[in-house]
Amino acid sequence: MDFDTTLFDSALAEAWIRAIAAAVEKEQARLTELDSAIGDGDHGSNLQRGFSAAVTALDGLQPTGPGTVLTKTGTTLISKVGGASGPLYGKAFRAIGAALPEPADPAVLAEALAAGLDAIRLLGKAEPGDKTIVDAWTPAVAALRAAAATGAALPEATAAAADAADQGARDTIPLRARKGRASYLGERSTGHQDPGATSTALLFQTLADVTGQHG
C-alpha cells in the first residue's frame with residue numbers, strides 16, 4: 001500500500017499499529033528476556049496480546065481521522081493488557097488520538113506524541129532518569145519537535161525521533177530503577193536495559209518505518 005507521507009493520516013496511523021504488532025511479535029522473546037531480568041517477565045507477552053487485539057479491533061473500522069485509529073488502539077490496550085504496560089500505553093495512545101482529529105504535519109504529530117508522554121508521566125509518576133518508558137519517549141518527542149522546527153518532512157522527523165528513542169533506551173542500562181517493579185531490586189537493577197524503554201523504541205522505529213517507506 002502506498003501512503004501520502006506528507007501528513008500523518010488515518011492510513012499511516014493504521015499502518016503504524018499493524019507495524020507495532022508485527023515488531024512486538026518479532027521481538028517478544030527479547031522483551032521477555034529484558035523484563036525477566038528486572039521485572040515480572042511478562043512485558044513481551046502482554047504487549048503481543050495487546051497489539052494483536054488492537055489489530056483485530058481495527059479490522060473493519062471506518063476512521064474519520066488518525067485519532068480514531070489511535071484512540072481505538074488505546075482503548076483496546078487498556079482492556080486487553082495486564083500489568084503496567086497496558087494502562088500506560090493505552091492511555092498514551094488515547095491521548096495521542098485525542099490530539100489528532102485530522103491528518104497532521106510533523107509539528108502537530110510531535111505535540112500529539114507529547115500529549116501521550118504527559119499521559120504516561122501522569123499515570124506512572126515517572127521522570128526522566130527513573131529507568132522507564134519515559135527515558136525513551138522524552139528524547140523522541142524532543143527530537144521530533146526539533147526536526148519539525150527545521151521544516152523536516154515526516155520521514156526525516158520520525159527517523160530522528162526513532163534514533164533518539166533508541167539511544168534513550170540504551171541509556172537506561174546504567175540507571176538504577178526508581179519506579180515500577182525494577183525499583184525493588186535497588187542497585188541490582190543497574191546494568192540492564194529497561195524493557196519499557198525498549199518497547200517504546202520499537203514504537204518509534206515502526207513509526208519511522210511506515211512514514212519513510214514511501215517517503
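Trp137 has a relative accessible area of 0% and is buried. Burial here means under 20% relative accessible area with a 1.4 Å probe and protein chains only; exposed means over 50%, and partly exposed lies in between. The model is predicted: local features need pLDDT of at least 70 and side-chain atom pairs count only at pLDDT 80 or more, while totals for chains, interfaces and linings use all residues. Residues are numbered from 1 along each chain as its sequence is written, and side-chain values use heavy atoms, with hydrogens and water left out.

**Aromatic pairs**

The structure contains five aromatic pairs (ring centres of Phe, Tyr or Trp, the latter by its six-membered ring, within 6.5 Å; planes under 30 degrees apart are stacked, over 60 edge-to-face, the rest tilted). One of them joins Phe51 and Phe93 in an edge-to-face arrangement, at 6.0 Å centre to centre and 75° between the planes. Phe51 belongs to helix α2 (residues 43–58) and Phe93 to helix α4 (residues 85–98), so this pair ties together parts 42 residues apart in sequence. Helices are DSSP runs of H or I with at least four residues, strands are runs of E with at least two, and both are numbered from the N terminus. Phe51 is buried at 0% relative accessibility, and Phe93 is buried at 0%.

Another pair is formed by Tyr89 and Trp137, whose ring centres are 6.4 Å apart with planes at 35°, so the pair is tilted. Tyr89 sits in helix α4 and Trp137 in helix α6 (residues 134–149), so the link is between parts 48 residues apart in sequence. Tyr89 is buried, with 0% relative accessibility. Separately, Phe8, Trp16, Phe51 and Phe93 make up one aromatic cluster.

**Helix α6 and its surroundings**

Helix α6 has 16 residues and reaches 22 Å from its first C-alpha to its last, close to the 22 Å expected at 1.5 Å a residue (the expected span is 1.5 Å times one less than the number of residues). Its buried residues include Val134, Asp135, Ala136, Trp137 and Ala140. Further along, Val141, Ala143, Leu144, Ala147 and Ala148 are also buried. Among the elements covering the buried residues of α6 are α4, α5 (106–124), α7 (154–170) and α8 (195–212). Gly151, with a positive phi near 90°, follows α6.

Asp135 is also one of the contacts of Thr172, a residue in the loop between α7 and α8. A contact requires heavy atoms within 4.5 Å. Leaving aside neighbours within four places in sequence, Thr172 is in contact with Lys131, Asp135, His192, Gln193, Asp194 and Ala197. Thr172 counts as buried at 0% relative accessibility.

Ala95 is placed in helix α4. Not counting residues up to four places away in sequence, Ala95 touches Ala115, Gly116 and Ala119. The C-alpha atoms of Ala95 and Gln205 are separated by 20 Å, and the two residues are 110 residues apart along the chain.

**Lysines with positive phi**

Lys125 has a positive phi although it is not glycine, and Lys131 likewise has a positive phi in a residue other than glycine.
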